[in-house]
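These are my notebook entries on one structure. I set down what I looked up, entry by entry.

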Amino acid sequence: MELKFTTIVVLHTHPLEFFNLKLSSELVVALKALTDKPVAVITNGALLSDPQVREELCHADMVLPSLDAYNQEISKKIDRPYGTIKFEEEFEGLKKFTHMYEGELWLEIMLVDGINDDEQLSLIHISEPTRH
């Protein structure tokens with residue numbers, strides 16, 4: 001049986017995201033050397049405020065970060081961020097990443113009934129275009 005892949009995915013998850021950062025980056029580089037298939041990284045984006053994290057993610061062909069909130073209050077309700085992770089820093093990091101990253105960027109947004117699904121509230125807060 002021959003397996004055919006269209007994309008290879010590396011998960012970049014919290015709370016171990018920081019500790020696996022170098023391993024994930026090395027894995028992406030190694031996979032790209034072994035195949036011509038695109039390599040994607042799925043991440044919750046919690047550490048995008050860190051310049052090293054942004055730099056390491058640039059090795060992937062596709063990055064799929066999550067953005068489930070539009071402020072710290074909503075972020076606490078939905079994502080329950082670890083320790084000192086702040087929504088504003090994460091969001092600013094995401095915006096910086098979009099300006100430096102040259103691959104495909106697919107934003108994942110989880111809507112939660114009654115929390116972040118109010119079109120008027122959420123779209124006003126995140127409506128700033130981040131990619132040209």
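Is N116 buried or exposed? I found that N116 is buried, with a relative accessible area of 3%. I take buried to mean under 20% relative accessible area, exposed over 50%, and partly exposed in between, with a 1.4 Å probe and protein chains only.

**Entry: conventions.** I note that this is a predicted model, in which local features need pLDDT of at least 70, side-chain atom pairs count only at pLDDT 80 or more, and totals for chains, interfaces and linings use all residues. Residues are numbered from 1 along each chain as its sequence is written, and side-chain values use heavy atoms, with hydrogens and water left out.

**Entry: N116, continued.** I located N116 in the loop between strand 4 and helix 5 (119-125). I then looked up its polar contacts, each a pair of N or O atoms within 3.5 Å; within protein, one must be able to donate a hydrogen and the other to accept it, and residues adjacent in sequence count only if both atoms are side-chain atoms. A polar atom of the N116 side chain lies 2.5 Å from the backbone oxygen of D68. The side chain of N116 also reaches the backbone nitrogen of V112, at 2.5 Å.

**Entry: the whole chain.** I recorded five helices and four strands in the protein chain. Helices (H or I, at least four residues) and strands (E, at least two) are DSSP runs, numbered from the N terminus. Along the sequence, I read the pattern as β-α-β-α-β-α-α-β-α. The chain has 132 residues, of which 35% count as buried. I also looked up contacts, meaning heavy atoms within 4.5 Å. Among those between residues at least 6 apart in sequence, 70% join residues at least 24 apart.

Entry: Strand 2 pairs with strand 3 in the parallel sense over four bridges; two strands pair if DSSP finds at least two bridges between them. I42 stands opposite L64 in strand 3. Between strand 2 and strand 3 the chain passes through helix 2, and this β-α-β crossover is right-handed. I use that word where, with the strands pointing away from the viewer, the path from the first strand over the helix to the second runs clockwise. Strand 3 is also parallel to strand 4, joined to it by two bridges.

**Entry: the faces of strand 3.** In a regular strand the side chains alternate between the two faces of the sheet. I found both faces of strand 3 covered, with M62 and L64 buried on one side and V63 and P65 buried on the other.

**Entry: V63.** V63 is buried, with a relative accessible area of 1%. V41 stands opposite V63, and in strand 4 the bridge partner of V63 is L105. Leaving aside neighbours within four places in sequence, I listed the contacts of V63 as V41, T43, L57, F97, Y101, E104, L105 and W106. For V63 and Y101, 38 residues apart along the chain, I noted a C-alpha separation of 9.1 Å.

**Entry: helix 4.** I counted 14 residues in helix 4 (residues 87-100), which reaches 20 Å from its first C-alpha to its last, close to the 20 Å expected at 1.5 Å a residue. The expected span is 1.5 Å times one less than the number of residues. Its buried residues are F87, E90, F91, G93, L94, K95, F97 and T98. Their cover includes helix 2 (51-57), strand 3, helix 3 (72-78) and strand 4 (104-105). T98 has a relative accessible area of 5%, and a polar atom of its side chain lies 2.6 Å from the backbone oxygen of K95.

**Entry: aromatic pairs.** How many aromatic pairs does a search of the whole structure find? I recorded two. Rings of Phe, Tyr and Trp (its six-membered ring) pair if their centres lie within 6.5 Å; planes under 30 degrees apart count as stacked, over 60 as edge-to-face and the rest as tilted. F87 and F91 form a stacked pair, at 5.7 Å centre to centre and 10 degrees between the planes. Being four residues apart in helix 4, F87 and F91 are separated by about one helical turn. The ring centres of F97 and Y101 are 4.8 Å apart and their planes at 20 degrees, so this pair is stacked. I found F97 and Y101 both buried.
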